[in-house]
Amino acid sequence: MLEYRNVHKSFDTEAGSLVVIKDFTASIREGEFVVLLGPSGCGKSTLLRITAGLEPPSRGEVLIDGRAPDLHGRHRLGFVFQEPALMPWRDLVSNVTLGLEIRRIAKAERNRQAVEILRLLGLQGFEKYYPHQVSGGMKHRVAIARAYIVDPIILLMDEPFVALDAQTRESLQRDLQDLWQRRKKTVIFVTHNLEEAILLGTRIVVLGKRPATVQMDYEVRLAMPRDPVSREFVDLRHELRGMLA
Amino acid sequence: MAKMREVEPVVEIGEMTAAVSRERVQKLSRDRRRVIGFNSLSLLLFLLLWEGSSRLLHSVFFPGPLVVSRTFVVLLVEGDIQGYTLPYHAYVSLYRVLLGFGAACLTAIPLGIILGLWRPVYFGTRVVSEPLRFIPPLAWIPMAILFFSGLGRYVFLIWVGVFFPLFILTMNGVSTASPTFVDVARVLGASRSFIALRIIIPNALPQIVGAMRAVMSPAWMCIVAAEMVAAELVGLGQLINNYATLLRMDIVIVGMISIGILGLLLNEALMAVERALFRYRQEVKV
């Protein structure tokens, strides 16, 4: 349902043309949790932006259900950026319901859905708080809720937990897993952390250094929820690390 | 089991937030007391220095705060030679300033928003707008005298002095909106008008109100200059000008201080509006 065909992206800089993605081809099925794993600055984020239609590819094409992504609401997408980017003048509920407001859904219905998803993410009671009144981890939860609430056909996540401390990150990873198991979505999750990739993904696509090309495409068959200190998890991590070296 | 895990950390966070805000409130009232203390002290020091240097100089052209405050009371109660009291002078000037300032807000802010959203128009008209911007308001006085009379003249001169800084500051506030906010809305399918009205303008509002506060001082500069060249008898600028020719420096200083106090009050009022509207903006402390 999501198809990348020879996607190529380069930026023109003063020093010449900088190729960030080279000949990326992949096919992603509905309901997969795909983790794009690669070193920092390898073009993973650009790939997500192209998938969302925020930027065009230089060559090649991205097809969502057979059509190129466009921003005019034909494809419902969710995007969780690296920083939560909550609007400080909106309380948590109206941050979460931004996408429903854009779709002109009635306020009562918007709020009903927001309360439900905030509860799933452990934020009940904080509906009327403003972003500056809550912690960094809570902001990230709200950003995830904002993307999830529009019931996207694809959820794109660009290293959403990279700025968090280890403890908060773990609890968010758990909650994302819970949420994903309850409401299955196609997710493309970008990270440079192998452990995070194994913890969350049903499939790991490893990208090399810039320009991004596929080095390995691996199906993770561990049962969910995954335990990072379990034997199977540790073994798999060693195996993958060995393959990457 | 999964449920327990969800709820646990958040209760903790909630309690922490409450504790932090309690502590913050206590700290605020402590800070406020300190600020009031320091300001009383610096006012006292200023008055002492002024009185001392006035006595040292011993000149009729440099009266100290004691003489000036006696004059202040006389002007307040009895008024000047023409019988106009100080509050009346202040009221007339304030009225003119607020009209000119309002006219500038009504024109500069919408134009700044439009051109901030539509930068090519600004860049395409810079050859006209930039030179205009650099003409000091005082250079407009001859034009103002020829083409306007009465209240219109004052309003025009204040408008000229306030319009450009307000326009530029508004435009910059609008055009520096966070690109991620815009991306968030675009991915969710927002139209251009939704992004402009619901994302970019609310995001720029604190900067726009800040700009309104910043242009208060050029507004006062313009009104005093305008009143000094006009033929009318009332207004703080006129008060200063009239008594300067009579070398009554005590009255001149009363006029100057009145402008300072009015400016301070307007500034505080706008700051209160800012605080009420933009509670989400945290002050940065270094």
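Rings of Phe, Tyr and Trp (for Trp, the six-membered ring) are taken as a pair if their centres lie within 6.5 Å, and the pair is stacked with planes under 30 degrees apart, edge-to-face with planes over 60 degrees apart and tilted for the rest. By this rule there are 19 aromatic pairs over all chains. The model is predicted: local features need pLDDT of at least 70, side-chain atom pairs count only at pLDDT 80 or more, and totals for chains, interfaces and linings use all residues. Residues are numbered from 1 along each chain as its sequence is written, chains are lettered from A and ligands numbered from 1 in the order in which they are written, and side-chain values use heavy atoms, with hydrogens and water left out.

View 1. F163(B) and F167(B) are both buried (buried is under 20% relative accessible area, exposed over 50%, partly exposed in between; 1.4 Å probe, protein chains only). Both belong to one aromatic cluster, which also includes Y122(B), W140(B) and W159(B).

**View 2. Charged side chains over the rings of W180(A) and Y154(B).** A charge sits over a ring if NZ of Lys or CZ of Arg is within 6 Å of the ring centre and within 35 degrees of the ring normal. The charged end of K184(A) is 4.9 Å from the ring centre of W180(A). For R96(B) over the face of Y154(B), the distance to the ring centre is 3.9 Å.

**View 3. Interface of chain A and chain B.** Chain A contributes 37 residues to the contact and chain B 27 residues, where contact means heavy atoms within 4.5 Å. About 3000 Å² is buried between the chains, 65% of it from carbon and sulfur atoms; buried area is the accessible area (1.4 Å probe) that two parts lose on being put together, summed over both. On the side of chain A, W89(A), I102(A) and H132(A) lose the most area to chain B, together 22% of what that side buries. The chains share 2 salt bridges, a salt bridge being a side-chain nitrogen of Lys or Arg within 4 Å of a carboxyl oxygen of Asp or Glu. R49(A) and D183(B) form a salt bridge at 2.9 Å, N to O. Elements of chain A that each supply at least two residues to this side include α1 (44–52), α4 (107–120) and α6 (166–182).

View 4. Leaving out residues up to four places away in sequence, Q177(A) touches L199(A), L200(A), M224(A), P225(A) and R226(A). A polar atom of the Q177(A) side chain lies 3.0 Å from the backbone oxygen of L199(A). M224(A) and P225(A) are joined by a cis peptide bond with omega about -5°. P225(A) lies in the loop between β9 (214–219) and α8 (231–244).

**View 5. Positive phi at N6(A) and R104(A).** Most residues other than glycine have a negative phi. N6(A), in strand β1 (residues 2–13) of chain A, has phi near 45° and is partly exposed at 44% relative accessible area. R104(A), in the loop between α3 and α4 of chain A, has phi of about 55° and is exposed at 76%.

Notes:
Helices (H or I, at least four residues) and strands (E, at least two) are DSSP runs, numbered from the N terminus. A polar contact is a pair of N or O atoms within 3.5 Å; within protein, one must be able to donate a hydrogen and the other to accept it, and residues adjacent in sequence count only if both atoms are side-chain atoms.
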